[in-house]
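Hi everyone, thanks for coming. I'd like to walk you through one model today, so please have a look at the screen.

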Amino acid sequence: MNTTNNQQETDITPKLRFPEFQMELRWSNKPLSKLANRITSKNKSGEITRVFTNSANDGVVDQSDYFDREIANKDNLNGYYIIELGDYVYNPRISTTAPVGPISKNKIAKGVMSPLYTVFRFHQTDNDFYEHYFKTNCWHKYMQHVSNSGARHDRMNITNDDFMAMPVPILSPEEQQKIADCLSSIDELINFREQKLAALKQHKKGLMQQLFPSHNDLQASKQASKQAIVYPKLRFPQFKDCEGWRVVRISDLLVEKKRPVKLENETEYCLVTVKRRHGGITLREVAKGKEIKVQSQFRVFTDDFLISKRQIVHCACGVLPEELDGSIVSNEYSVLNAKENVNITFFNYFCHQPIVEKSFLDCSSGIVIEKMLFKLDEWMKQEFYFPKNPKEQQAIADCLSSLDKLISEENEQIGRLKDHKKGLMQQLFPKMQ
């Protein structure tokens, strides 16, 4: 259904305009087909073998990078569309971050795209304004209106004519460039912060590989003698002459604690959970004046170490923070305490070594990984190398905690910049009817 071919151009204006354009003409709109052409040139010779995809989060990327493998058959690319640098691509597949599918600009190189995508090229080469515009939701209402309600639940069903009839804003090239420059400068800040964040994470990963003995060292020493001593590649100066790391069982370090509680309806309780992969403890639910439907629960306190019995293969374990002291967990978790001379914060980092993460899987049973059950008793018998000196444990924990603090601060800065950009875009772009 082509609902806008005969649509009259209407006056629109954003909530926020730069001062030098306040007295300029109001914005109007035109169908996309007036500003751009669909690109349908096929790769008939099959010479172009670089295949792109358009992802909701990363935009136009190499298919092999996005899927970690080639999806398209390199011998059957004749029907794929040729896409040039600067062309735009619409992917009809919907997702949480792209509820009507993403439109992205090709900023990589010449390549080919699946004919399932819609490729178009603006008449004007300076079109960065529209790259930012398609990152908003201002055009979503139109897409939802013209899409076929009988479409697959994960894909928009829209004709090429209806897509190219989409109304897009018209304004002076100077104002377009001003808006594009403003938003691009924020993107540069976000990109800089994200690069810094990635560097911090990589630095932490490399540092942990130096501060903990390697997997090969552990295996070789274990095979030689359980009494053998190993030394990490990097050691703080004050500990370089101290005793090395020796073999211990997990049961030498931790002890299980069970503190069953009876919930009363009139009491407020905080039920906590452990994040997969990150190990962070978060509030899952607050029940006020009503029963939490869990078969049994355990009271947990600051510095308790929680292990998920169902998600430990995803490294779902961590230390309860002070702000959640006195909360409860379901019987889906094991609760452990550190024994004397064991620093629980250090132990938390210790658990995120690859060899320890592997032990979680080794001590779990089941065919489907998401439903595997963790065998705590078996894991408590596992042997690893561990530093005896509590001060060395504390020094390593403090070092890694300081890095985690920097990582957290960078994440917060990136979040604030993205929120600022999102709010600014809502003001700079008008809703298209």
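By buried I mean under 20% relative accessible area, with exposed meaning over 50% and partly exposed in between, using a 1.4 Å probe and protein chains only. Before going on, a word on where the values come from. This is a predicted model, in which local features need pLDDT of at least 70, side-chain atom pairs count only at pLDDT 80 or more, and totals for chains, interfaces and linings use all residues. Residues are numbered from 1 along each chain as its sequence is written, and side-chain values use heavy atoms, with hydrogens and water left out.

Back to Cys-315. Its phi is positive, about 60°, although the residue is not a glycine. Where does Cys-315 lie? Cys-315 sits in the loop between β16 and β17. The helices I mention (H or I, at least four residues) and the strands (E, at least two) are DSSP runs, numbered from the N terminus.

There is another residue of this kind to show you. Asn-341, also not a glycine, has a positive phi near 70°. Asn-341 is in the loop between β19 and α7, the latter covering 344-350. Is Asn-341 buried or partly exposed? With a relative accessible area of 48%, Asn-341 is partly exposed.

Four strands make up an open sheet in the order β12-β19-β16-β17, and the pairing is antiparallel. Two strands count as paired if DSSP finds at least two bridges between them. At the edges stand β12 (254-256) and β17 (317-319); each has a single partner strand, so one side of each has no neighbour in the sheet. From one strand to the next, the twist averages 30°. Such angles run from 0 to 180 degrees between N-to-C directions, and the axes are lines fitted to C-alpha atoms, for helices over the stretch in contact.

Inside that sheet, how many bridges join β16 to β19? Four bridges join β16 (residues 305-308) to β19 (residues 333-338), and these strands run antiparallel. If you want a pair to click on, Leu-306 has Val-335 in β19 as its bridge partner.

Now for the other open sheet on my list. Its four strands have the order β2-β9-β6-β7, again with antiparallel pairing. β2 (36-38) and β7 are the edge strands, each pairing on one side only. Here the strand-to-strand twist averages 25°. Three bridges connect β6 (residues 88-90) with β7, and the two run antiparallel. In β7, Ile-103 is the bridge partner of Tyr-90.

α5 and α10 pack at an angle of about 165°, with their axes 10 Å apart. The two are therefore roughly antiparallel to each other; on this scale, under 35 degrees is roughly parallel, over 145 roughly antiparallel, 65 to 115 roughly perpendicular, and the rest oblique. By class, their contact has 22 nonpolar, four polar and ten charged residues. For those classes, Ala, Val, Leu, Ile, Met, Phe, Trp, Tyr, Cys and Pro count as nonpolar, Asp, Glu, Lys and Arg as charged, and the others, Gly among them, as polar.

Charged residues bring us to salt bridges, meaning a side-chain nitrogen of Lys or Arg within 4 Å of a carboxyl oxygen of Asp or Glu. How many salt bridges does a search of the whole structure find? The search finds 19.

One of them joins Lys-196 and Glu-410, at 3.3 Å from N to O. Lys-196 lies in helix α5 (residues 173-211) and Glu-410 in helix α10 (residues 390-428), so the pair ties together parts that are 214 residues apart in sequence. Lys-196 is partly exposed at 39% relative accessibility, whereas Glu-410 is buried at 6%. Arg-193 joins in too: Arg-193, Lys-196 and Glu-410 are linked in a network of salt bridges.

Asp-404 forms a salt bridge with Lys-204, the closest N and O atoms being 2.8 Å apart. Asp-404 belongs to α10 and Lys-204 to α5, so this pair ties together parts 200 residues apart in sequence. Asp-404 is partly exposed at 26%, and Lys-204 is buried at 17%.
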